Amino acid sequence: MRAADRPGTDRPDTGQGRTGRGTAGRDTAGLGTARAVGFVAPALLLIGVFLVFPALWTLYIGITDYQLTGPSAAAPSVVGADNFTTALDDPLFTNSLWLTALFVLGSAIIGQNALGFALAWLLRRVRPGLRRTVEGFVLLAWILPGPVVAYLWFAVLSRDGGTLGLLLDRPGTAWLVEYPMASLIVFNTWRGTAFSMLLYSSALTAVPPSHLETARLAGASGWQTVRDVVFPHIRGHVLTNTLLISLWTANDFTPFLLTAGGPNHESEVLPVLIYRQALESGQLGYASAMSSLLLLGNLVVALVYLRLLRRRA
């Protein structure tokens, strides 16, 4: 009897077994296509209703002369790219664009990043009770509602009996009038640092203690240790954190509660300008065009960060 006919002898592989195993490997949960689609359908529906549709509706309104009241509110007409070109030529828009970039750079990219990492780095070796107390106070600023936090800071920066003026022996100083953007940057840094602190506290656990000990024995300073040992391990966390807090800050409306864009448009970041154009001036189409430009800017920033993350990988 030939070897090919003996029981248990391996037969030539036709590829059918591999195909079956490959199909099963792609469906590790064994759900099937219909069930898998059924599970993700609610999430896709929510994304479509609350993200995709509002974005498309904003783009549509941005190419019309839609207004809050009047004939254009009942029957808006399409004006094409006129709203976009008008916005790009509008000094108020370019001023708000510059102030928004300054707000994001000062309070998010530098302020929250640096303070959040510093707190995470300093608290990793303190006693657990002290660490939890500090983290609790920092988190309190993050979880409080925006109007409550704005009211507290308004009391701190007030011209009449403000806490900061009394501490610096400068009573009567109108901080929100004389230094509006600096006040907003400090306010937003204080308010949003908690997220960065929590993310970096988690990221620092990925740094091998042996590497830190080696750097200490080699005589490396604190900055050298962070630069040469810590940062290479948490670079992805830094980029992710910077992306998130940059987008949140660029779209933050809380500055309106402190300065309302004043004085004389000196703190009028883009969300505040869009609000004033839409609800105070009633130009919904023009405001939607500005919102679309802000959305485009957010997408560009997100793509830059994602490219940096891919380069890291």
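A salt bridge is a side-chain nitrogen of Lys or Arg within 4 Å of a carboxyl oxygen of Asp or Glu. The legends below describe close-up views of a predicted model.

Figure 1. An α-helix has 3.6 residues a turn, so residues three or four places apart point the same way. Glutamate 213 is partly exposed, with a relative accessible area of 34%. A search of the whole structure finds five salt bridges.

**Figure 2. Aspartate 252 and arginine 191 meet through their side chains in a salt bridge.** The N to O distance of this pair is 3.5 Å. Aspartate 252 lies in the loop between H12 and helix H13 (255-259), whereas arginine 191 belongs to helix H10, so the pair ties together parts that are 61 residues apart in sequence. Both aspartate 252 and arginine 191 are buried.

**Figure 3. Glu268, Arg276 and Glu280 form one network of salt bridges that share partners.** Within it, the side chains of arginine 276 and glutamate 268 meet at 3.3 Å, N to O. Glutamate 268 is buried, with a relative accessible area of 1%, while arginine 276 is partly exposed, at 25%. Side chains of opposite charge can pair when their charged atoms come close.

**Figure 4. Helix H10 contains a kink centred on glycine 192.** The kink amounts to about 45 degrees. At 1.5 Å a residue, the 25 residues of H10 should span 36 Å, and the end C-alpha atoms are 35 Å apart, which agrees. Of these 25 residues, 19 are buried, so the rest of the structure largely encloses H10.

**Figure 5. The largest nonpolar core brings together 20 residues.** The members that touch the most other members are Phe117, Trp121, Leu204, Val207, Val230 and Ile234. At least two residues of this core come from each of helix H5 (91-123), helix H10 (180-204), helix H11 (209-217) and helix H12 (222-250). H12 gives the most, with seven residues. Leaving aside neighbours within four places in sequence, phenylalanine 117 is in contact with Gln112, Tyr200, Leu204, Val226, Val230 and Ile234. A second, separate core has 16 residues, including Trp153, Leu157, Phe187 and Val269.

**Figure 6. Leucine 258 is a buried residue of helix H13.** The relative accessible area of leucine 258 is 6%, below the 20% cut-off, so this residue counts as buried. Beyond neighbours within four places in sequence, leucine 258 is in contact with Ala150, Trp153, Phe154, Leu176, Leu184 and Phe187. Proline 180 lies 78 residues from leucine 258 along the chain, and the C-alpha atoms of the two are separated by 9.0 Å.

**Figure 7. Residues 14-24 have pLDDT below 50.** The mean pLDDT of the protein is 87, and 90% of its residues reach 70 or more. Where pLDDT is low, the predicted coordinates should not be read in detail.

Technical notes
Residues numbered from 1 in each chain as written. Predicted model: local features only at pLDDT ≥ 70, side-chain atom pairs only at ≥ 80, totals over all residues. Heavy atoms only, no water. Core = buried A, V, L, I, M, F, W, Y, C linked by side-chain atoms within 4.5 Å. Buried < 20%, exposed > 50% of the residue type's maximum accessible area, 1.4 Å probe, protein only. Helix = DSSP H or I, 4+ residues; strand = E, 2+ residues; numbered from the N terminus. Contact = heavy atoms within 4.5 Å. pLDDT = per-residue confidence, 0-100. Expected span 1.5 Å × (residues − 1). Bend = angle between axes of the 7 residues up to and from the residue.
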